[in-house]
Amino acid sequence: MIPAPFDYHRAGTLEEAVGLLARYKDDARLLSGGMSLLPTLKLRLGSFGHLVDISRIAGFEYIREEKDAVRIGAGTRQCTLERSELVKSKYGALADAVPLIADPLVRNRGTIGGNVANGDPANDHPAIMIALGAELVARGPKGERAIPANRFYKELFVTDLMADEILVELRLPVPPPRSGSAYRKLKRKTGDYAVAAIAVQLSLDAKGAVERAGIALTNAAPTPLEALEAQKFATGKVLDEKAIAETARLAAQAGSPSADRRGSVQYKREMARVLAVRALRAALERAGGN
Amino acid sequence: MAMHKISVTVNGAAREAEVESRLLLVHFIRENLRLTGTHVGCDTSHCGVCTVLLDGQPVKSCTVLAVQADGCSVATVEGLEQAGKLHAVQEAFTEKHALQCGFCTPGMLMTTSALLERNKSPSEREIREAISGNLCRCTGYLNIVKAVQHAAAKLAGGA
């Protein structure tokens with residue numbers, strides 16, 4: 001399959017990339033790893049007059065710990081995240097998820113920024129960003145702005161990014177002591193999207209009660225979905241098995257999955273519930289809760 | 001039509017070409033360079049028969065633009081053999097019967113040769129994980145795993 005014709009621009013700097021986006025607007029699309037964009041163009045599900053390649057911009061791939069946050073460059077490839085000790089030590093959910101994304105060859109190209117900014121509810125990083133309480137940093141002609149991940153996703157493939165903005169950085173708050181996160185995903189085979197998947201981060205107070213709960217679902221709605229009721233229920237509670245079961249029930253209930261080859265609505269909801277129980281238990285254990 | 005001049009080092013040799021923006025790397029390799037060892041299978045970045053090494057890392061060349069490889073090095077299955085001697089993974093695939101129809105083999109060889117560059121003695125689990133983006137419909141993978149272990153031993157001088 002061959003994409004419809006387009007012009008290719010290799011941006012040397014972010015300023016140049018923003019300038020190209022501002023010039024071509026909706027007829028331009030950013031090319032990062034290309035692992036979603038190129039199949040889209042080849043299958044002719046979409047077509048753009050201009051691709052702006054941002055993958056060669058120097059200093060766009062980094063994982064850096066600062067005082068309150070770990071900053072991840074949007075151009076950071078999945079394979080780099082997979083090998084990062086910093087990611088492993090602080091963000092169990094990310095360490096769980098990355099090896100489950102596509103396959104190793106795709107992870108050698110695909111970037112976290114592309115995965116987050118694409119606006120595909122089937123992508124794994126968005127739910128994790130929401131659960132971790134991350135801020136997504138966008139750069140446009142007027143400078144930078146930070147968008148909370150839970151306010152980034154508007155509709156199917158529609159995000160808060162303007163046509164001339166680029167997602168440049170993901171800022172993950174350093175979790176307080178006694179925090180733990182986990183990601184659980186069911187997929188039919190390597191390379192497939194999730195039947196259901198869920199990200200959980202729990203922070204506990206001195207008594208072991210939940211101080212903050214971040215819970216979000218992948219592929220359960222037209223956008224990545226924050227499970228607000230479940231978060232509210234879990235907050236302030238010491239999570240015993242009964243409370244875990246109720247939190248998981250509320251999380252699964254938040255979803256509105258559609259039936260497809262991956263299963264019926266009922267099956268996907270049930271899988272989301274089961275995965276929620278497992279993710280909650282794992283996050284709790286990692287937080288030192290039991 | 002948007003054309004771009006690209007320079008790519010393919011199997012150690014510098015190649016220059018003028019390519020259309022939309023030309024895929026796999027088509028550049030097969031049709032422009034006539035290196036047909038790299039196959040086209042699913043054409044949707046699932047099967048891995050188009051695997052080549054781009055700056056040493058295995059990637060699916062059906063999902064990379066030729067223009068994205070500008071300034072990079074590309075290694076294909078044709079480059080594995082050196083001075084008339086097969087690469088250890090090629091010998092091992094032969095000796096352990098790690099192929100039947102052979103269609104997936106070029107991709108398997110590229111992925112596993114890259115794995116052994118990074119990890120001198122991978123466990124069975126690591127081998128299976130590494131080839132999880134390369135599909136084989138003949139072997140059931142058993143002999144492929146054995147061959148990779150055998151190749152690792154060969155490279156370590158043990159076989």
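Me: Which cut-offs and numbering apply here?
Reply: This is a predicted model: local features need pLDDT of at least 70, side-chain atom pairs count only at pLDDT 80 or more, and totals for chains, interfaces and linings use all residues. Residues are numbered from 1 along each chain as its sequence is written, while chains are lettered from A and ligands numbered from 1 in the order in which they are written.

Me: What pLDDT does chain B average?
Reply: pLDDT is the predictor's confidence in each residue, from 0 to 100. Chain B averages 97, and 98% of the residues score at least 70. For the complex, the predictor gives an ipTM of 0.96 and a pTM of 0.96.

Me: In what order do the strands of the five-strand sheet in chain B run?
Reply: Start with the terms. Helices (H or I, at least four residues) and strands (E, at least two) are DSSP runs, numbered from the N terminus. Two strands pair if DSSP finds at least two bridges between them. In chain B the order is β2-β1-β5-β3-β4. The sheet is open and its pairing mixed. β2 (13-20) and β4 of chain B stand at the edges with a single partner strand each, so one side of each has no neighbour in the sheet. Direction ignored, neighbouring strands of this sheet are turned by 40° against each other on average.

Me: Over how many bridges do β1 and β2 of chain B pair?
Reply: Eight, in the antiparallel sense; β1(B) covers residues 3-10. Take one residue: B:Thr9 has B:Ala14 in β2(B) as its bridge partner.

Me: Which strands of chain B does helix α3 lie across?
Reply: Two residues are in contact if their C-beta atoms, placed from the backbone, lie within 7 Å. Axes are lines fitted to C-alpha atoms, for helices over the stretch in contact, and angles run from 0 to 180 degrees between N-to-C directions. Helix α3 (residues 105-118) of chain B lies across β3 and β4 of chain B. It runs at about 35° to β3(B).

Me: Where are the domains of chain B?
Reply: Domain bounds come from an automatic or database domain assignment. Here they give domain 1 (3-79) and domain 2 (88-155). Their centres, taken over C-alpha atoms, are separated by 21 Å. The contact takes 14 residues from domain 1 of chain B and eleven residues from domain 2 of chain B. On the domain 1 side, β3 (51-54) and β4 of chain B each supply at least two residues. β3(B) gives the most, with three residues.

Me: How does that side of domain 1 of chain B divide by class?
Reply: Ala, Val, Leu, Ile, Met, Phe, Trp, Tyr, Cys and Pro count as nonpolar, Asp, Glu, Lys and Arg as charged, and the others, Gly among them, as polar. The side of domain 1 of chain B that touches domain 2 of chain B has seven nonpolar, seven polar and no charged residues.

Me: How many residues of chain B are in contact with chain A?
Reply: 25 residues of chain B, against 20 residues of chain A. On the chain B side, β4 (57-60) and α4 (124-130) give two or more residues each. The largest share, four residues, comes from β4(B). By class, this side has eight nonpolar, 13 polar and four charged residues.

Me: What is the strand order of the four-strand sheet in chain A?
Reply: β11-β12-β13-β14, open and antiparallel. The edge strands are β11 (179-187) and β14 (225-226) of chain A. Strands β12 (residues 194-204) and β13 (residues 210-218) of chain A pair over eight bridges. There, A:Leu202 has A:Ala213 in β13(A) as its bridge partner.
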